[in-house]
Amino acid sequence: MDFSSFLTSLGTSFVIFVVLMLIFTWLSRKPGNHVVYYPNRIIRGMEPYEGIRLTRNPFTWIKEAFSSTEADVIRHSGVDAAVYFVYLSTALGILVLSGVILLPVLLPVAYTEKTISANETAIEGSFNELDKLSMAHIAQRSHRLWAFVAATYWVSFVTYYLLWRAYRHVSGMRAEALMSSEVKNEQFAVLVRDIPPLQNSQTRNEQVDSYFKAIYPDTYYKSMVITDNKVPNKIFAELEGYRKKLARSEAIYAGSKGTTSPEGSRPTTKTGFMGLVGNKVDAIEYYNEKIRELVPKLQSEQKIAMKDKQQSAAVIFFNNRVSAASAAQCLHDTMVDKWTAMEAPEARQLLWDYLSKNFYERLIRQYLVYFIVFLTIFFYMIPIGLISALTTLDNLKKLLPFLKPVLDQATVRTILGAYLPQLALIIFLALLPSFLLFLSKAEGIPSLSHAERAASGKYFYFSVLNVFIGVTVGHTLFDSLKTIQDDPNSIFDVLAASLPGSATFFLTFVALKFFVGYGLELSRIIPLIIYHLKKKYLCKTEDEVKEAWAPGDLKYGTRFPYDMLILTIVLCYSVIAPIILIFGVLYFGLGWLILRNQVILLILPPANASRFGHIYLHVYLTPNPAFASGFHQQVLKVYVPAYETYGRMWPHMYTRIAASLLLYQATMIGYFSAKEFIYSPVLIPLPILTLLFIYLCTMKYYRFFQVTALDVACRELKDIPNLEGVLRSYLARSLSAEKGTDDVQFVNDLVHVSRPGSVV
């Protein structure tokens, strides 16, 4: 890529961002789009601009973003969202403080180097103008390299300082949230797995109740044994599907009635596969008949699941938070593979199908998944390396000669040279997150938040190994294959020399991510188009329209690895090509600003909350009505949190930042060695300091993110908890469906032992 292509890509990306921002300002004010830009205000019965002074200023959203405080985010969006902003602020702080020193010091040092010409240092595919601002312009063994050594230490110590502050700050946030006087159902529950086989004639409920009642005689409340719900789940999903189809058919029938045809035309369907084959029947009568058939079938399967399909796992409940917190972190049996206890996640997070996996099965699954991930990383590295190498214009002309007339056009060459490799890489990477989330769940992880943390960790290491290392190595080996064949010992020198040249690719990659990526985030143009297409061609009922604009969450599992990839790239090139720090600051600065806008909060008086808003929360956010009724006073602009873990994501974030720091330090040691700088061993203490820093932070802070400190759990509550309501919140939807909310006998069937003499 030449310098003009780089400037073109940068300018085009900026223009796209400005256009998308103006589109947001224009489209967000149109009434038909309010459900996309202000969904959570709509579902509360609010006007989109309620509480806001409407102006024509297109930058008003920036003021709104800055006006919200961390306390607002914690109070209304949860600790997890606030922790994510701490991560963005920490990354931004690292890059800003690094840039304050590196840019004014290293750029003049590199640019004024006279002992080596740009032509001698320029690598094929790079451009001389930026080479002059990087370490590539510094001569071998030059004393000017001492400035870059000092810069390497400066970036490391800035990272240590800000990470330590952030860890301490997030720990305090977590403690304050857990000490809240509000009743949180999960703080009274403990998830127990690896329950031993039944002995004598005990039921599973009797076994669990008698075991924990003996240990906690005064504070133990009840247990709810996990059941195999595969059949009820399948019937429940089928039942819900028929109900939606019935509502759709009734809406179509009502819409067919008019002045010319007052009786209307009753819709029909076919009884075979997906309504496409089989006998044609009246749709409304057919769906009603199916519903009548499935309801008693579901009730029958619910009883079978509760009686005959109890698993070796249970959720147990205590009458106070201290006992639950203590039980969750205690060793209950002499063998670690029996009576394993842990803090119960929120009911909406539970992955029911994996709760009954035993200790050894989880262990085997974990190592098997690690092996599959290793193979995935290895085999993905091949196509990613090929993509980075083959999507350069020169290589395309070699491999596809018939494209030469098109690629020789100045406009086409400039645009493709600027964007093609980066777009190909971004699209290729978009296919991976769902697969990694599936693998993480398959490990036997009990909660959605834990699975997303595990998947994001895999995705981070995948991104670093395949994108950062794979692109650099793949591009270099493809371009320098003949040189390496002639002199195999030169491979390390070639790889080291390629680092400044690869900075060109990553500069454009980062610019594309923050200008175009965050422009799309702000404008929400893709969700808007999808919503209007669904509404026009697919949606027939109000419920279908509501589902079409249903807001999602921040998707930490994919968002954070993308951010960490950018931070890793910028850190590793911060000293080699300091100009990249500007792009990193823009990425995290824009990210903080735009995402702050997406989670700006307002408070809606409960009296104004619409009935639909409450139902929406109950169905889409959580099976816990107590949570929904407590949440309906709080309003987000776009995103709704899918779960709350009180900052458990932070140690994962911290570890990945520290891993990126280690990679940065190893890269610098290798590059200084390639520069034949005899004092390069002076950098060896840095990785050792980083490992000691990781150990110190982990020993000091990490355990509190695994379990709840008893000092935190012992704080008084504002209200006496309704333990029966706490227990009901953990009922699976497929087991509680078709049961009245006051059906006490149903709950008793699930959590009590039916025989006399049982321990409760």
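This is a predicted model: local features need pLDDT of at least 70, side-chain atom pairs count only at pLDDT 80 or more; totals for chains, interfaces and linings use all residues.
1. Angles under 35 degrees count as roughly parallel, over 145 as roughly antiparallel, 65 to 115 as roughly perpendicular and the rest as oblique. With that scale in mind, one can look at helix 24 (residues 556-573) and helix 28, whose axes come within 9 Å and cross at roughly 25°, so helix 24 and helix 28 are roughly parallel to each other. The axes here are lines fitted to C-alpha atoms, for helices over the stretch in contact, and the angles run from 0 to 180 degrees between N-to-C directions.

2. Residues are numbered from 1 along each chain as its sequence is written, and side-chain values use heavy atoms, with hydrogens and water left out.

3. Helix 11 and helix 12 cross in a left-handed manner. Sorted by class, their contact has 17 nonpolar, two polar and seven charged residues, where Ala, Val, Leu, Ile, Met, Phe, Trp, Tyr, Cys and Pro count as nonpolar, Asp, Glu, Lys and Arg as charged, and the others, Gly among them, as polar. Helices (H or I, at least four residues) and strands (E, at least two) are DSSP runs, numbered from the N terminus.

4. Turning to the strands, four of them form an open sheet in the order 2-5-1-6, with antiparallel pairing; two strands pair if DSSP finds at least two bridges between them. Strand 2 (220-227) and strand 6 are the edge strands, each pairing on one side only. Neighbouring strands of this sheet are turned by 25° against each other on average, direction ignored. Strand 2 and strand 5 (residues 310-318) run antiparallel and are joined by six bridges, and the bridge partner of T227 in strand 5 is Q310.

5. The structure holds 14 salt bridges, a salt bridge being a side-chain nitrogen of Lys or Arg within 4 Å of a carboxyl oxygen of Asp or Glu. In one of them the side chains of E676 and R141 meet at 2.1 Å, N to O. Because E676 lies in the loop between helix 28 (649-674) and helix 29 (685-706), and R141 in the loop between helix 8 (128-131) and helix 9 (145-178), the pair ties together parts that are 535 residues apart in sequence.

6. Another salt bridge joins R648 and E343, with the closest N and O atoms 2.7 Å apart. This pair also links distant parts of the chain, since R648 sits in the loop between strand 8 (634-636) and helix 28, and E343 in strand 6 (residues 340-343), 305 residues apart. R648 counts as partly exposed at 22% relative accessibility, whereas E343 counts as buried at 16%; buried means under 20% relative accessible area, exposed over 50%, and partly exposed in between (1.4 Å probe, protein chains only).

Key. A crossing is left-handed if the near helix is turned anticlockwise from the far one by less than a right angle, and right-handed if clockwise.
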